[in-house]
Amino acid sequence: MPKEADHMEDGGDKESKEEQRQGASGETVRKRVRANTPSPRRGNTPQASPPRFVSVEELMETAKGVTNMALAHEIMVNQAFQIKPAELPEGSLERRVKEIMHKAFWDCLEAQLKEDPPSYEHAIKLLAEIKETLLSFLLPGHGRLRSQIEEVLDLPLIQQEAENGALDIGRLSQFIVWMMGSLCAPSRDEDIQKLKQITEVVPLLKAIFSVLDLMKVDMANFALSSIRPHLMQQSVEYERNKFQEFLEKQPNALDFTEKWLEDTVKSLQDSAATGGAASDSSLHPLSVHNHAYLRLLRWDHDSDPFPETVLMDQVRFQEMQQEAEQLVLLSSVLLIVYTTTGEAISGLPGLMETLKNTVNVLLADMHTPSFSAQEVLATIGEKLCVELSQCLSQHGYSPFSADRKSALKGQISAAIQPDNTVRMLMESRVHNYLLASLESSQHKTPPPLPGGLAPVSKELKELAVHFSRLVNYNKLVFSPFYQKTLQKILAPGESPSTDT
């Protein structure tokens, strides 16, 4: 028999899948946004227009729209997004109530089946629900399977058998398990085998419902992965329209976005005035926009409200920021090692990778509260000196002198300082590479790797891909709002540009 994962395309109960998606994953997304994203503090924000009063119904509808928008956004930008079975917290009142109610239901069913003669009222209702669920898994071409389900789980016939004392619940349960094995994804084969080992009717029915719930989630996830490539345009339009609706109810909903872009323009103008790299071309709307996104990787999340148009991705940008900071420190340490030891290590196979792994392990907790930069960098200096000494000795080079060890340890320890020359250089190169990746993403041509970043090239390129993908999707959704804002900032009175 064909497995669900092999033959499903777009079948199934669409309403059921929508309910699962809203219920199982929507709450997950909402919790994640609430737990990880600081709330914008609008109390001290100058208002562009007088606030208007809105009804409770309008607020509820707006909240629902924003929730749906967050869910649609999560599906598009998170390639690993999956619907998961809803799990109530361990020890919670809701979970305890659910457990009590379920136990009461199954105890009642068991008592009915033990009556003389047995009462099948609850059992027939369960069989009807199971039948409906099995039919929802079928595609239009599964005529034979549909006929088998309709024939064996013929509810009027089952009712007659129950009334005449001829109903065999065990036989029907075994058919159900066999049909589930024919329809389930390969990952559920082990669960089906466990069902076949259960001989008691009530425990078997209880286990059947548990596995059916998992199969519903499997079907929803398979359908989701199948249609994701076709959702891009619809999702862009959906998010844009939902944000427009939100903006109409909250006229000041772009305050922080406007400030974000204004501050970017001011920063580029200041850089140009002081003889920096900025020029007239850097004040082109597209360039301003790219520089603005790059600023999100230097954001002070504790004190600065995040722009509204990227608020749903604040956690992602924060994770990328931390990853970029770790790559900066890692590449700084490796560059210090290379310049300190010189040509002696340039041709030694695998040495730089070994040193990189050593540093990476020690920097793994770099963004945790318990991380002590000075202690960790001192440990890194000690370990690298040991590994360098052993490697140089093995290849016949002069021993690593005490003075060189001391100098290396001191330079590594100093790399944590924000104004450290090596750190500033590597930070500039990492950010310039990410900026170049944004500028070249339209042409699908990766930019050349700056000097000194070869040891971290793999990690940096992966970060650039994720960063560019997220930025480009955000541009697609919010381009009309950005165009108007940048037009007001850069060229008041002219028609809006369309290339942001």
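Tutor: We can start with the whole chain and then go to single residues. This is a predicted model, in which local features need pLDDT of at least 70 and side-chain atom pairs count only at pLDDT 80 or more, while totals for chains, interfaces and linings use all residues. Residues are numbered from 1 along each chain as its sequence is written, and side-chain values use heavy atoms, with hydrogens and water left out.

Student: How many helices and strands does the protein chain have?

Tutor: The protein chain has 19 helices and 0 strands. Helices (H or I, at least four residues) and strands (E, at least two) are DSSP runs, numbered from the N terminus.

Student: And what share of the residues is buried?

Tutor: Buried residues make up 42% of the 500 residues in the protein chain. Buried means under 20% relative accessible area, exposed over 50%, and partly exposed in between, with a 1.4 Å probe and protein chains only.

Student: What about contacts along the chain?

Tutor: Among contacts with a separation of 6 or more, 73% are between residues 24 or more positions apart. Contact means heavy atoms within 4.5 Å.

Student: Pick a helix. Is α8 mostly covered or uncovered?

Tutor: Mostly covered, with 11 of its 15 residues buried. The buried ones include Phe175, Ile176, Met179 and Met180. Helix α8 spans residues 169-183 and reaches 21 Å from its first C-alpha to its last, close to the 21 Å expected at 1.5 Å a residue. That expected span is 1.5 Å times one less than the number of residues.

Student: What sits at the start of α8?

Tutor: A side-chain oxygen of Asp168 comes within 3.2 Å of the backbone nitrogen of Gly170 there.

Student: Which residues have the most contacts in the largest nonpolar core?

Tutor: Tyr293, Phe317, Val337, Ile380, Ile412, Leu434 and Phe467, in a core of 73 residues. Apart from it lies another core, of 39 residues, among them Ile124, Leu127, Met180 and Met215. A nonpolar core is a set of buried Ala, Val, Leu, Ile, Met, Phe, Trp, Tyr and Cys residues joined through side-chain atoms within 4.5 Å.

Student: What does Ile412 touch?

Tutor: Leaving out residues up to four places away in sequence, Ile412 touches Val333, Ile336, Val337, Leu377, Ile380, Gly381 and Leu384. In soluble globular proteins, nonpolar side chains tend to be buried together.

Student: Now charges. How many salt bridges are there?

Tutor: The count comes to 18 salt bridges. A salt bridge is a side-chain nitrogen of Lys or Arg within 4 Å of a carboxyl oxygen of Asp or Glu.

Student: Which residue pairs with Glu90?

Tutor: Arg95, with the closest N and O atoms 3.3 Å apart. Glu90 is exposed, at 67% relative accessible area, and Arg95 is partly exposed, at 23%. Glu90, Arg95, Arg96 and Glu99 are linked in a network of salt bridges.

Student: How far apart in α12 are Asp263 and Lys259?

Tutor: They are 4 residues apart in helix α12 (residues 255-273), so about one helical turn separates them. The two form a salt bridge, with the closest N and O atoms 2.8 Å apart.

Student: And Lys409 with Glu382?

Tutor: Their side chains meet in a salt bridge (3.0 Å, N to O). The pair links distant parts of the chain, with Lys409 in helix α17 (residues 402-414) and Glu382 in helix α16 (residues 373-394), 27 residues apart.

Student: Is Lys356 buried or exposed?

Tutor: Lys356 counts as buried, at 5% relative accessibility. Lys356 lies in helix α15 (residues 351-362). A polar contact of 2.8 Å joins the side chains of Lys356 and Glu459. A polar contact is a pair of N or O atoms within 3.5 Å; within protein, one must be able to donate a hydrogen and the other to accept it, and residues adjacent in sequence count only if both atoms are side-chain atoms.

Student: Last one: where is Pro117?

Tutor: Pro117 is in the loop between α4 (93-113) and α5 (121-136). A cis peptide bond joins Asp116 and Pro117, with omega about 0°.
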